[in-house]
Amino acid sequence: MAQQRPLPELDVDFLQENALTSVRLGIEDFQRCRLDPGSGGDPARALSAVRNLFAGILLLFKFKIAISVADPCDAASLIFNPPDIQPQADGAGGVEWTPVGRFKPTTIDVATIKKRFDGFNIEVNWEVINKLQTCRNHLEHLHPANTLGEVADFVAELFPILRDFIQTQLNEQPADLLGAAWQAMLEHHNFFVDTRAVCEAAWAEAGVPPRMLPWLEKCQCERCSSSLIRPPQDLLDGGASVEYQDETFTYLCLACGHADLIVPVMMKMLDKSHEYDPRNGEEASVEQCFECNRGTFVIAEQHCLWCEAELDYDRCSLCEEPLRQEDQHNDGLCGYHAHTYEKYMRD
Ligand SMILES: [Zn+2]
Ligand SMILES: [Zn+2]
Ligand SMILES: [Zn+2]
């Protein structure tokens with residue numbers, strides 16, 4: 001089929017060269033966006049760093065798809081967008097599905113690259129790629145200074161993906177293909193991993209309620225969106241804990257130096273994952289805890305993430321319906337059965 005329909009020309013070497021150039025440019029932009037404005041730094045380069053890196057990775061993926069088949073015609077048919085398949089009457093009361101028109105001059109998008117990878121058993125960590133795509137879209141709408149830390153996180157996260165892909169899928173060494181850009185990425189990645197380990201070790205000393213830890217892990221600096229935040233050493237030395245000094249406990253961002261309260265950020269992360277829309281008939285899944293007054297009581301789990309308060313009565317003794325905090329004064333009955341019982345006693 002592909003042979004009968006003229007395909008746009010595909011130059012595989014050019015595809016690879018383009019991919020590597022985009023990645024190199026992305027890293028250069030990344031380095032520029034982090035320098036002081038005094039020494040030639042430019043925060044606006046964060047956006048082109050992410051755009052270039054994203055484009056470079058997608059080109060590298062397309063290159064891999066193209067070299068997975070022996071025939072250059074097949075390669076082009078995998079990379080360019082195929083003609084639409086339309087149903088036609090076969091003249092005998094049946095339907096035939098046939099390609100209409102030619103292959104398009106445009107190349108496949110992320111969703112189609114995923115499908116090609118599935119078809120050719122090529123594995124890649126899509127979670128990070130999706131995050132990079134989200135970051136790119138998000139950067140288009142924000143002031144770059146607000147996301148410098150986030151961009152730095154992504155460059156670090158991208159490092160192992162790029163390394164594994166180049167080594168296992170392209171059978172090359174990243175340093176050979178990317179030169180100085182690779183060295184810069186490696187150093188940044190090592191710095192990031194070491195710094196994150198320091199942050200994690202420091203939080204482990206900070207008396208965070210254990211059930212709140214998943215929300216702490218999602219926290220980012222409110223100024224630059226970096227995940228490299230830690231408790232200040234003087235708070236740890238003074239024996240302060242997030243659990244009991246929640247109104248004063250701060251974080252320090254190791255990427256931009258910003259300091260602010262940590263608990264409101266943790267609460268924001270918790271609320272975000274429990275978002276609901278009353279217009280769709282959805283109900284809140286967390287509520288104010290009767291014991292500690294924080295908005296950390298998970299209704300379905302019947303416990304508080306902050307103070308670990310639990311219910312005395314978790315189910316109605318008559319109908320087994322799960323009970324809530326406000327049912328506790330009914331001695332183990334749900335609102336309906338408590339009301340019925342009360343009425344029975346009265347009559
Ligand atoms: Zn920051
Ligand atoms: Zn509580
Ligand atoms: Zn009941």
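Predicted model: local features only at pLDDT ≥ 70, side-chain atom pairs only at ≥ 80, totals over all residues.
Q: OK, which residues hold the zinc ion (ligand 2)?
A: The zinc ion (ligand 2) is coordinated by the SG atoms of Cys289, Cys292, Cys304 and Cys307, at 2.3 to 2.4 Å. Donors here are N, O and S atoms within 2.8 Å of the metal (3.2 Å for Na, K and Ca), and water is not among the atoms, so sites may look incomplete.

Q: And what geometry does that site have?
A: The site of the zinc ion (ligand 2) is tetrahedral, with angles of 107 to 114° among its four donor atoms; four donors count as tetrahedral if all angles lie between 85 and 135 degrees.

Q: How are those donor residues spaced in sequence?
A: For the zinc ion (ligand 2), the spacing is C-x2-C-x11-C-x2-C. Cysteine 289 lies in the loop between S6 and S7, whereas cysteine 304 is in strand S8, so this pair ties together parts that are 15 residues apart in sequence. Helices (H or I, at least four residues) and strands (E, at least two) are DSSP runs, numbered from the N terminus.

Q: Are cysteine 289 and cysteine 304 buried or exposed?
A: Cysteine 289 and cysteine 304 are both buried, where buried means under 20% relative accessible area, exposed means over 50%, and partly exposed is in between (1.4 Å probe, protein chains only).

Q: What about the zinc ion (ligand 3), which protein donors does it have?
A: The zinc ion (ligand 3) has Cys316 (SG), Cys319 (SG), Cys334 (SG) and His337 (ND1) as its protein donors, lying 2.0 to 2.3 Å from it. The site of the zinc ion (ligand 3) is tetrahedral, with angles of 98 to 116°, and its donors follow the spacing C-x2-C-x14-C-x2-H along the chain. Cysteine 316 counts as buried at 1% relative accessibility, while cysteine 319 is partly exposed at 32%.

Q: Back to S8, what order do the strands have in its sheet?
A: The order is S6-S7-S8 in an open sheet of three strands with antiparallel pairing, and two strands pair if DSSP finds at least two bridges between them. Strand S6 (286-287) and strand S8 (303-304) stand at the edges with a single partner strand each, so one side of each is left without a neighbour in the sheet. Strand S7 (residues 297-298) is joined to S8 by two bridges, and phenylalanine 297 stands opposite cysteine 304, which is also one of the donors of the zinc ion (ligand 2).

Q: How do S1 and S2 pair?
A: S1 and strand S2 (residues 95-100) pair in the antiparallel sense over six bridges, and alanine 89 has valine 95 in S2 as its bridge partner. Their hairpin has five residues between the strands, and there glycine 91 takes a positive phi near 85°.

Q: Which other residues have a positive phi without being glycine?
A: Among them are asparagine 121, with phi near 55°, and aspartate 331, with phi near 50°. Asparagine 121 is in the loop between helix H4 (110-119) and helix H5 (126-139) and counts as exposed at 69% relative accessibility. Aspartate 331 lies in the loop between S8 and helix H12 (335-346), and at 59% relative accessibility it too counts as exposed.

Q: Changing topic, how many salt bridges are there?
A: The structure holds ten salt bridges, each being a side-chain nitrogen of Lys or Arg within 4 Å of a carboxyl oxygen of Asp or Glu. One of them is between lysine 268 and glutamate 222, whose closest N and O atoms are 3.8 Å apart. Lysine 268 lies in helix H11 (residues 263-273) and glutamate 222 in the loop between helix H9 (213-217) and strand S3 (229-230), so the pair ties together parts that are 46 residues apart in sequence. Elsewhere, Glu287, Arg324 and Glu326 are joined into one network by salt bridges that share partners.

Technical notes:
Residues numbered from 1 in each chain as written. Chains lettered and ligands numbered in written order. Heavy atoms only, no water. Tetrahedral: all angles 85-135°; square planar, octahedral: opposite > 155°, others 65-115°.
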